[in-house]
Amino acid sequence: MERRFVLFLVLSFAVLFGHMALMARLNPRPKKDAEVAAPGDVAQQPAEPASDPEKEPPGQKPPQQPPEEDAAPKPADKPQDQPPKPAAAPEEIPSQWITLGSGDPKDPYRMLVTLTSHGAAVARIELNSPRYTDLDDRSGYLGHLIVDASAAEKASAGKGCPVQVVGPGTPAAEAGLKPGDLIVALRDRDVTREVTDPDALDRLMEGTRPKRTIELTVLRDGQKLSLPVKLERRPLEVVRPEGDDPLSFLLTLQQIDDQKLIRDEAAEGVDPGGELEGLDLWTGNWEVTARNESSVTFRRLLTEKGLELTKTYRLARVPAEKASDADHGAYHLVFDVGMRNIADKPHQVAYQLDGPTGLPAEGAWYAYKVGRAWTVGLRDVVVSFDHAIPSQIGCPKIADDSVGKPWQDQSLTYIGVDAQYFAAVLLPQKEDPSAIWFSQSQPLRVGPVNEEQKKLTNTSCRMISKVHELAPGQSLSHRFEIFAGPKKPAVLAHYGLDELVYYGWFSYFARPMSWILHAFYAVVGNYGLAILMLTVLVRGCMFPLSKKQALGAQKMQQLQPEIKKLQEKYKKDVEGRTKAQQELFRKHNYNPLSGCLVLFVQLPIFVALYRSLSVDIELRQAPLLSQSIRWCSNLAAPDMLFDWSRYMPDWFNAGSGMFALGPYFNLLPILTIILFIVQQKMFMPPATDEQTAMQQKIMQYMMIFIGVMFFKVASGLCIYFVASSFWGLAERKLLPKHTPAAAAEKPQTRADAKALAARTQAKTASQPASDRNGGSARKSKKSRGKK
């Protein structure tokens, strides 16, 4: 037995390390920074010298672009000795931060959008529904007051925290905070030298809690004001700034006449930093020409180039009659890109447009995402051409720069970044659905690669338009819809994005499972109770099978003495012993595989519930008890009883790997394994031989592995297993024990013996005398015959 046990341990560790090797093969460690090529490059290029930071958004590496073979003929080459002419001076245009929509769900908008004149980019998109809040940050939310940290540091000069923007409907706006104010004290704490960037302000807010009121002291026009602010829960940000990574929806020119943006330092008129020479459309300020509470238009005049560029954002409003409809399709911006020739000669132009960045990577230490690709992350790129089923490019693959060649000359339906429960997608609004706007589109890495967790890499996408010849005074306009919202089927249906909700192979089970849970939730109003009701429904339907399994286990326990005799009788004849056992099972109508049937039936239910918790946004942030406490506040995440991160190493808290259990201790997985072990002890028949004892010991050790694997699963799944285990225990206890007739008549105590004698005497007295005499005569005759 010891040799078998050692063999089992060796094989178990071999499987474990084999799995780790396979994962390392599928997700190789990234190269060093100096060797990493730009994501989406057609071929790897040697490392290029550092570019001018004023012309390249930090962290972004534009890909190599092949020359366009089908472009229109180029005009005469520019003389080599003529220096490039500078663009309009960006310093003449002041920096501005603009907000669209509102953070108050009572207003007719679904989101609050913050934009900056730097690149006319989207800095942040916050959903205002209390149903979608930040899972990781449970501190109080004041509002995002700082957009540009460097500008804030210059403006503050040690005087306080400068307020650059105040979003309508945020707690800061309700308290009367205004752009230009300087926050000098927060909760009676002097912050004049502590806060110069958003992270510092967030750190000071860590000790606060939602629904509580704090005092802000601000400096306005030389006077100090005290403003009470009632904090709220931090909203979910579909798009947000992330470190030094570029912002969302940046636009530049891919080609102007004979100037073409390619990743080749020797090419004429090319800035290796990522824009054509003389342009700073990514980092320069754009002029705000029109704005209101729901729209803004940015303009950039390139006088020396003879072009005018515009970017217009219009936020969708919710009609008054749809105010109560949470699924109404108002989770989008209408985005217009315009180019106009203001010169007296024609121009051949093409633009380059980048997609959204900074999508949510919440729950990185436990999150499991279902995807169409072999390896997926939390920020994958999705793309669809000609209204086909979308392709998914996994975030780890983008981080490894192994995405292959860009897509060429196809009719783009949509492209964007897909997170676990949210998405930000660009949808071209074409009059002819088959029209081809872009000569090239591709995934894009915009942030550094996390060597331990490549699934968190900040990704985006890039589109390069076809070359257009604009006559003097002629314009080109392309319209997009920017969807930025939850992956809720009823919402996605408004945008033709239904395929973003993907359950994988078990969709035939997972979708009905979600419908049943939603139906139960409509009755009880709590998804925790809905999962309990689902457990009762499943176990109730399976009762005939589980009853048969329980009776079979009892029968197997009763047959153990007979099996032991057969094992002794056929000790050296394995084939004879097997046939004898089969005959014994057939005689007593026992099927050894009947106990496995319940497990096979529950397997698709288990996987379907697991997939539902990983995909269905309605189960995200659904609490078992209340959102006001951390424990079980999100049934799609571990229960998080208490934080033990301060006592654990960083690799352990990161949650990357089987034995990195994360920053929280989870109670429900431990309770689940304890119940499994109790069931084993109570209902598993005692071992009759060495082999059976070995199997039972293996099962006990397997429970430890299962406990480690289960430690980071969703608490909703653990609730199902706990409820199912209690049901099984009650079922076994309440079912009548099956005993054979001989055992039933065998007296166990003196009282049983007396009762048995009384029943026998009464039975004998009730028989006719002839039967009794006949019976005695037959017994006497039988005795004489034996003699």
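The questions and answers that follow go through a few features of this model in turn.

Mentor: Please keep in mind that this is a predicted model, in which local features need pLDDT of at least 70 and side-chain atom pairs count only at pLDDT 80 or more, while totals for chains, interfaces and linings use all residues. Residues are numbered from 1 along each chain as its sequence is written, and side-chain values use heavy atoms, with hydrogens and water left out.

Trainee: How many disulfides are there?

Mentor: A disulfide is taken to be a pair of cysteine sulfur atoms within 2.5 Å. Applied to this model, that rule gives a count of 0 disulfides.

Trainee: Is C461 buried or exposed?

Mentor: Buried means under 20% relative accessible area and exposed means over 50%, with partly exposed in between, using a 1.4 Å probe and protein chains only. C541, with a relative accessible area of 61%, is exposed. C461 has 0% relative accessibility, and therefore counts as buried.

Trainee: Which residue's backbone oxygen lies 2.9 Å from a polar atom of the side chain of S633?

Mentor: S633 is found in the loop between α11 (594–615) and β28 (642–643), where helices (H or I, at least four residues) and strands (E, at least two) are DSSP runs numbered from the N terminus. The backbone oxygen at 2.9 Å from a polar atom of the S633 side chain belongs to R630.

Trainee: Which backbone oxygen does the side chain of H494 reach at 3.0 Å?

Mentor: H494 is found in the loop between α6 (489–492) and α7 (507–524), and at 48% relative accessibility it counts as partly exposed. Although H494 and G329 are 165 residues apart along the chain, their C-alpha atoms are separated by 5.6 Å. Not counting residues up to four places away in sequence, H494 touches D327, H328 and G329, and the backbone oxygen that its side chain reaches at 3.0 Å is that of D327.

Trainee: What is the bridge partner of S384 in β22?

Mentor: Strand β19 (residues 380–385) is largely enclosed by the rest of the structure, because 6 of its 6 residues are buried; D380, V382 and S384 point one way from β19, and V381, V383 and F385 the other way. Two strands pair if DSSP finds at least two bridges between them, and β19 is joined to the antiparallel strand β22 (residues 412–418) by 6 bridges. In β22, S384 has as its bridge partner Y414.

Trainee: Which residue in the turn between β19 and β20 has a positive phi?

Mentor: β19 also pairs with strand β20 (residues 391–393), in the antiparallel sense and over 3 bridges, with V381 standing opposite I393. The two strands form a hairpin with 5 residues between them, and the turn residue with a positive phi, about 55 degrees, is D386.

Trainee: Which strands stand at the edges of the open sheet?

Mentor: The open sheet has 4 strands, in the order β1-β2-β3-β11, with antiparallel pairing. Each edge strand has a single partner strand, so one side of each is left without a neighbour in the sheet, and these strands are β1 (97–101) and β11 (237–239).

Methods
Polar contact = N/O pair within 3.5 Å; in protein donor to acceptor, adjacent residues only side chain to side chain. Contact = heavy atoms within 4.5 Å.
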